[in-house]
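Subject: Structure for your review

Dear colleague,

Please find below the structure that I am handing over to you. I would be grateful if you could read the notes after it with the structure open.

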Amino acid sequence: MYNHQLDTFLKVADMGSFSKAATDLYISPTAVIKQMNLLEANLGVMLFNRTHRGLSLTAAGQSLYDDARHIIQFCGEAAERARQADAATRHVIRVGSSPMTPSTFLTALWPRVLKKCPGATIKLVTFENTPENARRILANLGEDIDIVAGAYDEAFLQSRGCAALELSREPLRAIMSAAHPLAAKESLALDDLKGQKLLVIQRGWNRETDQLIDEVRASDQAIEIEEFPFINLDILNRCEESSEILVGIDPWQDAHPLMVSKPVAWDYALPFGILHAPQPSAHVQELLQAVEQVTTAS
């Protein structure tokens, strides 16, 4: 937006020395002198009085000094206004992304969605996947993050204060280390899990996992179940390092390259989709409608 030699000029003027300015800017004194010579040549004026006692501003230099900060500030404000205008035109949708809430759910849909929302674009916002962050983000969708992918049920949405557009129903599978003895099987029966330890997200998170816990515990199979409070990479790492099996959905398995997912002979699946604010912005609403249309048509 402006000649960045102005930044160097201000630094030299403030410090009264080419070498001191160079040290502060992490460049060589020769580079500073070259920039100032070019600036003077371009303007056609002398900016500094150069004496053996140091540097001082000429009248022209003082005039430029008085205006330079205003020029830089104005250019910065103009650039920000341009970015905001561009963002408004492009309809930027901020997508929350973490290892357990991947943004890849939009990959296959995006070319078709873009035809219906030609001004839309995506900005990924990464976040640390902790219980506190998850609750805060879901309760405040539309502020820093507009949408995020995730599994849910109606009770979950109500407790988190958000809404959802369903994209799929993800079967609950057995997720295990690729080195696990059961990893060689194409699919698993409940009998295959005899003697195994299953990690299942704790009761109250989702109705489907609650029902699965009840079924397994009521069966006559010697299957141990441990409930855990929150899904994150620590759980996947734990399973990869042990013989424990995670009950989860494919998007979770995708977060760890050494885990495999196997279908099990049970009939449980979690709604999976786009979580958003109960009253999304017009841009987000337009995106959701486009996604719904392309997924319904496919």
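Predicted model: local features only at pLDDT ≥ 70, side-chain atom pairs only at ≥ 80, totals over all residues.

In soluble globular proteins, nonpolar side chains tend to be buried together. The largest nonpolar core here has 68 residues, and those that touch the most other members are Leu141, Ile147, Leu193, Leu246 and Trp266. Helix α11, residues 282-297, contributes the most to this core, with six residues. Leaving aside residues up to four places away in sequence, Leu141 touches Asp146, Ile147, Val148, Cys162, Leu275, His276 and Ala277.

Phe18, Ser19 and Ala22 of α2 meet Pro29, Val32, Ile33 and Met36 of α3. Six of the residues in this contact are nonpolar, one is polar and none is charged.

Helix α1 (residues 5-15) also packs with α3 at an angle of about 110 degrees, with the axes 10 Å apart. Helix α1 is therefore roughly perpendicular to α3. The crossing of α1 and α3 is left-handed. On the α1 side, the contact is made by Gln5, Thr8, Phe9 and Val12, and on the α3 side by Val32, Gln35, Met36, Leu38, Leu39 and Asn42. This contact has six nonpolar residues, four polar ones and no charged ones.

Yours sincerely,
A colleague

Notes:
Residues numbered from 1 in each chain as written. Heavy atoms only, no water. Core = buried A, V, L, I, M, F, W, Y, C linked by side-chain atoms within 4.5 Å. Buried < 20%, exposed > 50% of the residue type's maximum accessible area, 1.4 Å probe, protein only. Helix = DSSP H or I, 4+ residues; strand = E, 2+ residues; numbered from the N terminus. Contact = heavy atoms within 4.5 Å. Nonpolar A, V, L, I, M, F, W, Y, C, P; charged D, E, K, R; others polar. Axes fitted to C-alpha atoms, helices over the stretch in contact; angles between N-to-C directions. Parallel < 35°, antiparallel > 145°, perpendicular 65-115°, else oblique. Left-handed = near helix turned anticlockwise from the far one by under 90°.
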